Structures are given as C-alpha cells and as structure tokens.
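Let's take a friendly walk through a protein model together. Have a look at the picture first, then read on.

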Amino acid sequence: MPSEKKTKTAKPIIDDLIIRVCVGTGGLAAGSQEVIDEFAKQLKAHGIKADIVKKCVNKTGCRGFCAKDVLADIILNGKSETYQLLTPDMVGRIVEEHILKGEPVKEWLVGSEYHAFHDKQTKILLKQCGHIDPEDIDAYINIGGYEGAKKALSQKPVEIIEEIKASGLRGRGGAGFPTGLKWDICSKAEGYPKYLICNADEGDPGAFMDRSVIEGNPHSVLEGMIVGGYAIGANFGYVYIRAEYPLAIQRLKIAIADARKKGFLGKNIIKSGFDFDIRIKEGAGAFICGEETALIASIEGKRGMPRAKPPFPAHKGLWGKPTVINNVETLSTLPTIITQGAKWFSSIGTEKSKGTKVFAITGKIKNTGLIEVPMGMSLREIVYDIGGGCERNRALKAVQTGGPSGGCIPASHIDMPVDYESLAGIGSMMGSGGMVVMDDTTCMVDMSKFFLSFTQNESCGKCTPCRIGTKRMLEILTRITEGKGKEGDIDLLVELGTNIKLTSLCGLGMSAPNPVLSTIRFFRDEYEAHIKDGICPAAVCKALRRYTVSVDLCKMCGKCFKACPSGAIAWEKKKPAVIDKEKCIKCGACYEACPFNAIL
Amino acid sequence: MTDKKCEQILEKYHKDKGSVISILQDIQESFGYIPEDAVFWFAERLNIPASSFFGAATFYAQFYLKPRGKNIITACCGTACHVKGSAPIINRVREDLKIPHGETTSSDGKFTVESVACVGACSIAPVFIGNKKVFGKMTMEKASEMIKELDKVKGV
C-alpha cells in the first residue's frame, strides 16, 4: 500500500491507517464525499499531515450493500472495522475514539445483516469492487491485474477461444449466447478490420450491475476487452456506454488513459506485437440501443434502429465488418477465467449455466444492493438469506427478473433455481440481472402497465407489431387500471401479446409482452378483480382506490394528517383519523405516511 | 459567438466517421439545447444532410430542440423507483412548480422536470437528479426541500 511509507512520520498510534469510503453513485448520493472531506478535516485538525490524510483516505467503488450507505472501512494497524450509515457529524467521534484511542464506536459498526449479505455470495467479478481505488491502475496491477491479458497474449487466439468455450461462459447481457462460440464465428469471418464492442448501454430499469462494475473496477473491463480483441483478431474496441452514467464514464476515461501510459493499450501492447486501443462512445438515451444491430447503427451516428438478422454482427457488424458485442459483465469475467482456467470456472454453477451472476436486488426488500451468486442458487436464498426479506416484513408477492423483457416469478415458486433455463421455463428471463422484489402492496396490473409503457415508449417504430401492437396493449391496460376494463380484455391481451412476440423484428418487440403475459399467467385474479369487481387488491390504481382508516390499527399519531395535501383528513390528539371522501384526491400520501398500515 | 462554439466542436470531430451523435451531444453541452441554426451550420460544412442530424436528434431522448429551464430536475422512472412510489412525488413536484399539463418547463423558465428511464441507482430509489446532483430515497418533503435548495443556488 502506498500509504504505509509516508505514515511513519505521523504519530505512532496511526502508524498504519487506511480509511476506505465507498464512492459509487449510491455512496455519493448518500453523502460519501462529505464524509471523506470531514475525515480529512478532522485528521488534519489532530495534527496529521495533509499528504498522509490524502493517501490514507481511499475512495473505493461500490461494495454492493447500498442500503446502508455511506459505508466506510477503518483499517487501523491491520485490523479492519466497517461502519454503516455514516454522516459527517459522526466522523468526529470515530476519529476521537477509534483512530486516536483504538476503541471502535460499537453501535455504529455494521451488524449481522452485513455479514449475512456477504457470506452467502461467491464473488469473482465483484471481488475487488469496494476494495481497490478504481482511479488507480497500480492498485489493480498490485492485485494481479492485467495478468490475464499477459497470459492470453502469450497464447494463440484459437487456444483462448477454446478455453472460453470450455469454461461454458454465456453472455451476461440477457440472451445467454455462449461467448466462446460468438468469438469463434467472428474470428473465422472474412473481413478486416474487425471490431470488439463492449455493450455498457445498461438500459433495463432496475439494473445497475454494469454501472457498478465500471465504477468499481474499470480496468477489469478493459483487460477483458484486450483478451477478447486478441482472440477475435480485432485491433480496435468501443465501449458504448449510457450518458446517464457520468461517474462510470469518467472512471473509464481515467482507466483508458492510464492503461495507455502503462502500455496495456496502444501499439505493441505488453510487447506482444499486438495493437489494441479502445474508445468510448456515449449513448444518447435509447433503450433499443442495447440491441446489437441498433447499437451498431448508433455508433455509426445513425438513429438506433435494429435491422433484420442474419447477417449477424459477427459477419457484418460495425461499418459492415465482423464485430463482436459483449456485455460489461461478460468481459469483466474473462481475465479471471484466463488466469484460473476454464476448469475452475465451469466447476461453479449448474450444468448449462456456469459461473456466477451479478444481480441488482431492489424494490421492496430490506437489503437492496448488488450481489454475486453462483448460478442455480434458489430464489429463496437470494431474497431471504441475502436480501433479508421484504421491507416492513410484508408478504412477498413476486420477484420480477429480466426487466421489461422478463416476467414475474410468483412467491409460490420461491424455491426454483436461478439459471438461464429455469427462468426461461417460467416465462421470464435472466436479462441483465435486475431483480425487483414486490410485496402485497404492489399491483401486478400496474406493474405490467409500467413495463409496457416503458417498452412502448422505447419502441423504435420500425416494425408494425411492436409500434402499434404495444400501443394497443397499453391502451387496454390503462383502461383496466382506470376501472374501465371490459369483459374479454384479458384474452385480447394474451392474443395480442402472443402475436407481437411472434412477428416483431428484434428482441425488444419479441419480449415486450412478457411482463403482461407472465402476470396474467400467475395473477389473472388481480386482473379480474380490476375488471369485474372494480377493485385494485393492492390499492395502487388511483381510480379504484377508496381510502379509509382502520380504527383498530390507528395509533392516532397524526402522520397521515400532516401528509395530506388536500386537507381531507380530520385528526385530533388521542382520536383516530377520519378521511373525508369528498376532499380526498386519492394521492396516497396518507397511505405511504402511515407507519402502522392503518390506512386501507 | 455561435460560430466560435461550433468551430471548436468541428475541430474535434471533422475527420471521424459516424460523429453525428457526438456532435449533437457537444452542441447540446454548449448551448443547452440543439438550435436549428447550429444543425444547418454543421450540415453544410460536413456535407451531411441536415435530416441525418434531425433524425438522430429526434430519435434519442437526450436531445432537446427547445431551450430548457435554468434548473433541471430529472426524475428516475425505473422499476425500482416506480415500485417505491416515485409517480406521486413526480406529480407533486410538477404541481408545486406549476408546470402546465403536457409540458416539461415551468412558465417562468426556472425549472424543467423530465423523466429518465433509469439512472441505475436503484438501491436508493426513488431517485431524483437536481442539476446533476443525485437525491436518493425521495419523499414528498425531501422533494420540496430539493426544489428550495435548487432555487436558492441558481435563483431567477
């Protein structure tokens, strides 16, 4: 560690001090920069030289447990303690008691759920996220970074392709196409130059694993690109990344510049005679650009519209040349497979789904964050053991995977293994790894309307089934949520959805009806309740809600009274609240505000 | 003034293939939106039809053909934010800022409220971005505070 040498000039008690503060997007939003500044200020106030402070307060990428941000490790004389939910005003006491006196502030340390969250995981990809400074290439090299690239460049490209094939690695972007096979096709395709594109256009609402990997360990992505580029014979790579990820773009730019300086990118990299360089292309806000051919059109500066396949990009891709497009996670896994071997990698996971998968677990779950588990782990273990169960201990209703292209897994299937085949079997998909947990306060009709309005909005408009079909489906769903549903609407949705899936041009249209079809399959009764009884069982659909206060559950705290924007709630101390139906605008503010679930 | 800004952008990209989107991004960065004049300026010099620029500008959500408010509030409409109740908060913000129905900018030009599919910060949902600063775990009260904070910094 670079900090060790310099700290010798400081007071003996802080002979060896490292403070690691998470500065991912989650951490920064929770105020980690303020915490870092406060640490620096406090340490300086205690007579510790500024340059030491600068070196011992490390920024690290996301460690996944975003629910308890700001997280910070204090490593004092080799002993590490982790604090959670830090705010700047807590720093003073930590410096006084922990750093100067060696007594950690016990009540602020992470609890058992932090350990439970991490213990069940198998970290390959996320291993270094949260431990190394993503803006320091030496930190990456010190932990064995770029060894995979060195090893790969000493082999023949065909040997690497065989190794990746043997590892069983499948694309982590959604469809799960075998990576080795994709490379094989492209390496044999005629045409020069060839291109490698890293797809970092993580558009799925509810997924943020690619962002976190780039923010936490950008060099692993670059190293993976070097390996992939060498294997397929490409001398140039693009990273197509969403403009909505400014921090990730910034870290990637730093990483590319540093890698060039160290000779990992550019001409004759690592003195192997192989040239490889990488450029960043910022996306401009179109979900469809995650689709391979649309992504290529976008890099070429055109409207991001997909085209019919074949020819596949491996034969005719960017500028009409053979192109491989790999997802961030796929690329980031490669260096470890090269260094540790295909055998090791394929020993993890199930028969057809090898290795680990990163999931972003969000929604109504206690421990939101980023997790990495072996393929085939049961959904129950993910939701309850790692995720800690639903918020406020409410009942789990379903888990949505695969974003707007996927479907819902009802709570009754909680014991199913999570791998490519099992998810496809239940009408969902792996997708990029977003996992949104829903409890009994989530309305499934509203959810499918949400996803469909997303895909409808993002439909590029090129093919009719997707452009018009999704529009009609959305109209029907809107009608149902407004209490105007008709007899036969459900069957109409199924018929439309099935046809859109069969006739759309690209993956977006082919999967757009999935959320609707899967919720109809498992929650048909909820649709029927909306249409026939005029009730939204989860009390989400505004037009169908009628708010009342349960006199039994009401603790007379007055929170609903304060939350109500229209003055529709009458409340006095020691009296239960009453809602005036005339004045109520059905905004749901009281429902959200009630800590006792007394608003029905 | 316009010419000078455009010259700088042209300098950066004139040799590259497929730079239409990058140029549009830079135009927007410089001007805050995509002025029609700027598009014709580039179309002429690069010998690319203006329709290619307008085609891309209208296709991608990121580009704006009209000037925007002084303060930009971006509401995340991702799944996690939706599940955690972002919709009522967005409505409240729009109401508080008196943004007319079907518009994104308040009539006094002080605020623009937009939505984005997902900012990838689902762990702190619901998320808002106010002038590039991320506000997580939003509630009705925090939204009002955010507006006050933004208004104070940039003012009228």
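## The domains of chain B

Into which domains is chain B divided? Keep in mind as you look that this is a predicted model. Chain B has domain 1, covering residues 2-59, and domain 2, covering residues 71-154. Taken over C-alpha atoms, the centres of these two domains of chain B are 29 Å apart.

## Where chains A and B touch

Now turn to the contact between the chains. Chain A brings 48 residues to it, and chain B brings 33 residues. On the chain A side, several elements supply at least two residues each: helices H2 (25-30), H14 (292-299), H19 (444-458) and H25 (589-593), together with strands S10 (356-363) and S14 (434-439). H2(A) gives the most, with five residues.

What kinds of residues make up this side of chain A? There are 21 nonpolar, 17 polar and 10 charged residues.

## Two helices packed in chain A

H19(A), one of the helices that touch chain B, also packs against helix H20 of chain A, residues 464-481. Their axes lie 9 Å apart, at an angle of about 150°. Angles over 145 degrees count as roughly antiparallel, and therefore H19(A) and H20(A) are roughly antiparallel to each other. Their crossing is left-handed.

Which residues make this contact? From H19(A) they include A:Val445, A:Leu452 and A:Gln456, and from H20(A) they include A:Met473, A:Leu477 and A:Thr481. By class, the contact of H19(A) with H20(A) has six nonpolar, seven polar and three charged residues.

Technical notes: Residues numbered from 1 in each chain as written. Chains lettered and ligands numbered in written order. Predicted model: local features only at pLDDT ≥ 70, side-chain atom pairs only at ≥ 80, totals over all residues. Contact = placed C-beta atoms within 7 Å. Helix = DSSP H or I, 4+ residues; strand = E, 2+ residues; numbered from the N terminus. Nonpolar A, V, L, I, M, F, W, Y, C, P; charged D, E, K, R; others polar. Domains from an automatic or database assignment. Axes fitted to C-alpha atoms, helices over the stretch in contact; angles between N-to-C directions. Parallel < 35°, antiparallel > 145°, perpendicular 65-115°, else oblique. Left-handed = near helix turned anticlockwise from the far one by under 90°.
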